[in-house]
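Colleague: Could we go through the charged side chains of this model together?

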Amino acid sequence: LKCEIESEKKKYLVKSFFIIPPILLSFVQVLLPPGFSTMYVAAIISFMFIYSTMQEERITRDYMTKLNNKYAFEQKLVDMIKNQEKGSDKTLWLLMGDLDHFKEINDTYGHLVGDQAIKLAANTLKIICNGIENCLIARLGGDEFAIIIETDDDFIIKTLEEKIPFAMVQASRKECFDLYMSVGVAKYENN
């Protein structure tokens, strides 16, 4: 949820930027000879900025779950490994989650319900990881999720490993399907 709030803030910031070039270039317009308009240039600059920001969002976010996608995950993982190699005081952890029997949900109830199950799993992970610093949640594809965390608190990792499967079952209690997630944990060792 923390990352969703940051994403929403970024969207509003981008939208508010749209007005800045026209305002600035309207002041420049006063200095230019008549017949030369800076407003077209200002509008193009604004549209290009917004377009590039929207494209970045599309490149790094999973459309269905709004989680980071595999590309964003790999980029962040590389950055975190580099941080570890520089001598970070925190340990890098990777949690991999896979929905068990997901194919049965799709086969029994259809792909729309399967999509609903994926979204429910994603939202459950967001809630569980809310407030954990240096944490990135990603949907790698299909029913596979990953969480990377830099922390010096091993208890957080142990708690997540135990809490995620239970939370999936709890989240799906009111649904026509049961969610089960297997979770594996790996610790980065900088040798």
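Predicted model: local features only at pLDDT ≥ 70, side-chain atom pairs only at ≥ 80, totals over all residues.

Colleague: How many salt bridges does the structure hold?

Modeller: The structure holds four salt bridges, each a side-chain nitrogen of Lys or Arg within 4 Å of a carboxyl oxygen of Asp or Glu. One of them joins Arg139 to Asp62, with the closest N and O atoms 3.2 Å apart.

Colleague: Which parts does that pair tie together?

Modeller: Arg139 lies in strand 2 (residues 135-141) and Asp62 in the loop between helix 3 (39-60) and helix 4 (70-85), so the pair ties together parts 77 residues apart in sequence. Helices (H or I, at least four residues) and strands (E, at least two) are DSSP runs, numbered from the N terminus.

Colleague: Are Arg139 and Asp62 buried or exposed?

Modeller: Both Arg139 and Asp62 are buried. Buried means under 20% relative accessible area, exposed over 50% and partly exposed in between, using a 1.4 Å probe and protein chains only.

Colleague: Which residues are linked in a network of salt bridges?

Modeller: Lys158, Glu161 and Glu162 are. The closest N and O atoms are 4.0 Å apart for Glu161 and Lys158, and the N to O distance is 3.8 Å for Glu162 and Lys158. Lys158 is partly exposed at 45%.

Colleague: Changing topic, which ring has the charged end of Lys66 over it?

Modeller: That of Tyr63, with the charged end 4.6 Å from the ring centre; the criterion is NZ of Lys or CZ of Arg within 6 Å of the ring centre and within 35 degrees of the ring normal.

Note on methods:
Residues numbered from 1 in each chain as written. Heavy atoms only, no water.
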